[in-house]
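These are my notebook entries on the structure shown below. I record what I looked up, entry by entry.

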Amino acid sequence: MAAQSSTDLLERADAAGGGAVTVRRRTGVGPGVARFVRGTWRPFAVLVAIFVAWWAVTAANLIRPYLVPSPGATLDVILAQSSYFAHNTWITTYETVLGFLIAIAVGVISAVVMVYSPTVEKSLYPLLLFAQVIPKIAIAPLFIVWLGFGLTPKIVVAVLMAFFPIVISTVTGLKSIDPEMLQLSATMGAGPGQTFWKIRFPASLPHLFAGLKVAATMAVTGAVVGEFVGANEGLGYVILQANGNLDTPMLFAGLLIMSLLGVVLFVIVELIEYVVLPWQASRRADAATTSL
Amino acid sequence: MTSMTVGNTTTPRPADGTATGAAVEIDDVAVRFHTRKKDVTALTDVSLRIEPGEFVSIVGASGCGKSTLLKLVSGLLRPSSGRVRLHGEDVRGPRRDIGYVFQRAALLDWRSARRNILLQAEMRRMPKGEARARADELIAMTGLSGFDDAYPNELSGGMQQRVALCRALLHRPPVLLMDEPFGALDALTREQMNVELRRIWRETGTTVLLVTHSIAEAVYLANRVVVMTPRPGTVAELIDVDLPTERDYGRTMAEPSFARATGRIRELLGAATTSE
Ligand SMILES: Nc1ncnc2c1ncn2[C@@H]1O[C@H](COP(=O)(O)OP(=O)(O)OP(=O)(O)O)[C@@H](O)[C@H]1O
Ligand SMILES: [Mg+2]
């Protein structure tokens, strides 16, 4: 206990020192977005580097083109059949985004119910865990049988994939609240609704966003897995067809677009986080300046 | 210096037998915590009466139940036995007619200093204009002007505590409870905060209960100091501080009655720790 309070003291002293030196005023959303762009150019540079390496390997004929096609050949395929790709990308995007949004709604609501009712938590947790550990590729055929050949079973698999990280992160976030904050709220005469909306929920958002970023990429995987099992459109279908025809440029094109879809979704979630949680962004910036 | 020992009797004291009028009344209170491993008696035989407008400091060894005492007064905790009254009313649940300053500032990261202060008003659904005016007044009073738009992580530790203090004072609570509010501050900031708090107390006339580990702080600020024994905590002695209302920080430290009071407290606390 003594040790804990002494580290607390150190942390405080630290925060006080940092705060005194860099008191910055935040003006709206603009600088946050600028900082975000500044923070994300590096990964894009790495992507470009990988592209160049890919190009170099194929241009030097180190690998046979039917094993790994050149970037040029891959892009040619995409351009030559642009409407085909546009349609299938749209289908997968639709399934992914819808699945992701449903997972957010269901995930956050179940997390809130679980945090407020230990009985519900105890009875729901094993079920959740079961839904998470069961291989999605193994139950996807069942959804096709139940829900037909349309987009619904794919959306369901996407929801199943994205749901778990959202629930876990929201539960963690809601439980991480400082008990003193809740006591403070009680001395202010706040009702449970006020305490939730003004203190508990906003305090859980950093955790929630961490879960959302994982969930966004999982949703893409979920949609494609659903398409693998039974579909006549979507990127999963494109990849499966290309595989059957040993058409590697087509296969690579499908993979490329699929990865891009995941990355774009991830970046969108991160951008929303920067706009919704500016205080998080400024804290990260502080960490960056002190680590220099 | 008058001192009296409280706790060995359950009958109301005859001298101030009128139950009404006191801001805080604690009557023969005991608190026991039952944890999975063992039962802890945090407080026993605690009786205390605090008049409106008093400034009372509470000192004692770590773990003797000081925080527990404040939680009792605020209704965040129910006593295992005995009774607690606030303005003559039994405390049954969390009380709204108090201001609470926790050891850590407990600010919301996503709210600016001003909006952290106004949280109090939002929760209480106070009229907006009135709350804003009061916040402006407190920000000026605590020297936070110019920092009201800053987020907590952009404020120094002392400023954060000042924000917490403003938040606790926004609704003009008749009773202010402070749990080691300046524990994390450096010595100089702490002195400044002491002078400020003393001034605020005189301006607002609020009844203050302050828990502190600093004997000098306890004596400089208070009219009375409650010295507690180690766990299970009880009141060892009440010490009346015989200092003028107008207290210059440096000059107060040099007063003989200041030395007498701090000396007595040190004696009590020292004796308490060696006997354990
Ligand atoms: N919720 C709780 N459950 C179990 N034991 C508790 C609880 N709260 C306090 N205690 C125990 O009661 C005793 C008094 O605690 P309290 O926090 O009031 O001490 P304190 O005087 O404020 O100490 P410090 O000066 O270190 O803050 C301690 O021994 C502590 O272990
Ligand atoms: Mg304490």
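I take helices, H or I of at least four residues, and strands, E of at least two, as DSSP runs numbered from the N terminus. I note that the model is predicted.

**Entry: shell of ligand 1**

I began with the surroundings of ligand 1. Helix H1 of chain B, residues 66-74, supplies the largest share of the shell, namely three residues. In total I found 13 residues around ligand 1, the closest being B:Ser62, B:Lys66, B:Ser67, B:Thr68 and B:Arg231. By class, I recorded three nonpolar, seven polar and three charged residues in this shell.

**Entry: contacts and cover of ligand 1**

I then looked up the atom pairs. A polar backbone atom of B:Gly65 is 2.9 Å from an oxygen atom of ligand 1. For B:Cys64, a polar backbone atom is 3.2 Å from an oxygen atom of the ligand. B:Glu180 takes part through a polar side-chain atom, which lies 3.4 Å from a ligand oxygen atom. On its own, ligand 1 has 630 Å² of accessible area, of which the protein covers 71%.

**Entry: backbone of chain B**

I checked the backbone next. Most residues other than glycine have a negative phi, and most peptide bonds are trans. B:Glu180 has a positive phi, near 45°. I placed B:Glu180 in the loop between strand E8 (175-179) and helix H5 (187-204) of chain B.

The peptide bond from B:Arg231 to B:Pro232 is cis, with omega near -5°. I located B:Pro232 in the loop between strand E10 (224-228) and strand E11 (235-240) of chain B.

**Entry: cysteines**

My search of the whole structure returned zero disulfides over all chains. B:Cys64 is buried at 0% relative accessible area, and B:Cys166 is likewise buried at 0%.

**Entry: chain A**

An unreviewed UniProt entry annotates residues 89-269 of chain A as "domain: ABC transmembrane type-1". Over that range I noted 88% helix and 0% strand, with the end C-alpha atoms 19 Å apart. A:His87 lies in helix H4 (residues 82-116) of chain A and is partly exposed, at 38% relative accessibility. Its C-alpha atom is 37 Å from that of A:Pro278, 191 residues apart along the chain.

How values were computed. Residues are numbered from 1 along each chain as its sequence is written. Chains are lettered from A and ligands numbered from 1 in the order in which they are written. This is a predicted model: local features need pLDDT of at least 70, side-chain atom pairs count only at pLDDT 80 or more; totals for chains, interfaces and linings use all residues. Side-chain values use heavy atoms; hydrogens and water are left out. UniProt positions are given in the numbering used here, feature names are shortened, and annotations may be inferred rather than shown by experiment. A disulfide is a pair of cysteine sulfur atoms within 2.5 Å. Buried means under 20% relative accessible area, exposed over 50%, partly exposed in between (1.4 Å probe, protein chains only). A residue is near a molecule or strand if one of its heavy atoms lies within 4 Å of it. A polar contact is a pair of N or O atoms within 3.5 Å; within protein, one must be able to donate a hydrogen and the other to accept it, and residues adjacent in sequence count only if both atoms are side-chain atoms. Accessible areas come from the Shrake-Rupley method with a 1.4 Å probe; for residues, only the protein chains shown count as cover. Ala, Val, Leu, Ile, Met, Phe, Trp, Tyr, Cys and Pro count as nonpolar, Asp, Glu, Lys and Arg as charged, and the others, Gly among them, as polar.
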